[in-house]
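Please examine the sequence and the structure shown here before reading the report.

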Amino acid sequence: MSSATVMHGGIDRSAVTTTARSARIGRRELHSPRSAAAIAVAVVVILSCGWLGTEMVLLLLGQPALLATPAELAAGVASASNMSIPLLGAIAAGCALLGLMLLVVAVAPGRRARHLIDSERTVTVVDDEVIASAVARRAARVGGIAPDNTRVSVSRRFATVHLTPTSGRTVQRDAVQQAVRDQLNGLQLRPALETRVVVAAGGRVGA
């Protein structure tokens with residue numbers, strides 16, 4: 001039996017399967033689970049429930065409360081109606097903001113400091129630190145600046161180059177930006193990076 005790839009309606013099924021698998025691997029390598037945030041929220045909830053349970057047990061045993069008895073807590077909640085409307089609004093807004101942040105953390109995937117290099121057959125993952133190091137070397141060479149005076153930060157969408165020239169020397173910012181852009185375009189990163197070059201106003205005294 002032939003091992004040739006089967007074609008259906010002009011579509012290479014094996015190619016589609018490989019592409020889908022590569023996409024899944026790429027997403028997995030670029031995104032991290034929210035385990036730390038979930039564990040932190042769970043710990044807070046467990047400690048709160050444990051504290052409330054302890055206060056109830058102490059109340060039943062006739063012992064003094066650790067922080068406040070259940071009756072005191074209920075009275076404190078009931079007294080909220082006596083607060084001013086602006087204060088209540090601020091507390092409500094803070095609670096709503098906290099809830100929204102927790103919802104975003106729970107739903108949105110985390111991001112690893114990585115990018116993908118486009119390739120048809122393989123999934124190539126590169127750390128942002130490696131990209132920043134390569135860009136820093138290129139920027140320092142084109143700008144005529146010492147490597148120690150070049151700093152690069154890479155985020156999901158931007159590569160920002162910070163240059164500190166030697167006093168009395170000028171840096172061709174446009175030339176550096178074009179060189180960095182060409183280098184990043186050659187890497188074919190995904191997501192693609194936009195370049196920003198920032199030249200310090202004050203130079204550093206050369207050795």
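The report below moves from the whole chain to its core, its strands and its surface.

## The chain as a whole

The structure is a predicted model. Its chain has 207 residues, of which 20% count as buried. The secondary structure consists of six helices and ten strands.

The accessible surface of the chain is about 14300 Å², and 62% of this surface belongs to carbon and sulfur atoms. Among the contacts with a separation of 6 or more, 60% are between residues 24 or more positions apart.

## The largest nonpolar core

The largest nonpolar core contains 19 residues. Within this core, Ile-131, Val-161, Leu-163 and Leu-184 touch the most other members. At least two residues of the core come from each of the following elements: α5 (128-143), β7 (150-154), β8 (158-163) and α6 (173-187). Helix α5 provides the largest share, with five residues.

When its neighbours within four places in sequence are left aside, Leu-184 is in contact with Ile-131, Val-135, Ala-159, Leu-189, Leu-193 and Thr-195.

## The pair of strands β7 and β8

Strands β7 and β8 are joined by a hairpin through three residues. The two strands pair in the antiparallel sense, over five bridges. In this pairing, Ser-153 stands opposite Thr-160, which lies in β8.

The side chains of β7 alternate along the strand. On one face are Thr-150, Val-152 and Val-154, which are buried.

## An open sheet of three strands

Another set of strands forms an open sheet in the order β6-β5-β9, and the pairing is antiparallel. Its edge strands are β6 (124-127) and β9 (189-190), each of which pairs on one side only.

Strand β5 comprises residues 114-117 and is joined to β9 by two bridges. These two strands run antiparallel. Leu-116 has Arg-190 in β9 as its bridge partner.

## A nonpolar patch on the surface

Which residues form a nonpolar patch on the surface? The patch is made of Leu-97, Leu-100, Met-101, Leu-103 and Val-104. Together, these residues have about 490 Å² of accessible area.

One of the patch residues, Met-101, is located in helix α4, which spans residues 85-107.

Methods:
Residues are numbered from 1 along each chain as its sequence is written. This is a predicted model: local features need pLDDT of at least 70, side-chain atom pairs count only at pLDDT 80 or more; totals for chains, interfaces and linings use all residues. Side-chain values use heavy atoms; hydrogens and water are left out. Patches are made of residues with over 30% relative accessible area and no salt bridge: like charges are joined within 9 Å, nonpolar side chains (Val, Leu, Ile, Met, Phe, Trp, Tyr) within 5 Å. Accessible areas come from the Shrake-Rupley method with a 1.4 Å probe; for residues, only the protein chains shown count as cover. A salt bridge is a side-chain nitrogen of Lys or Arg within 4 Å of a carboxyl oxygen of Asp or Glu. Helices (H or I, at least four residues) and strands (E, at least two) are DSSP runs, numbered from the N terminus. A nonpolar core is a set of buried Ala, Val, Leu, Ile, Met, Phe, Trp, Tyr and Cys residues joined through side-chain atoms within 4.5 Å. Buried means under 20% relative accessible area, exposed over 50%, partly exposed in between (1.4 Å probe, protein chains only). Contact means heavy atoms within 4.5 Å. Two strands pair if DSSP finds at least two bridges between them.
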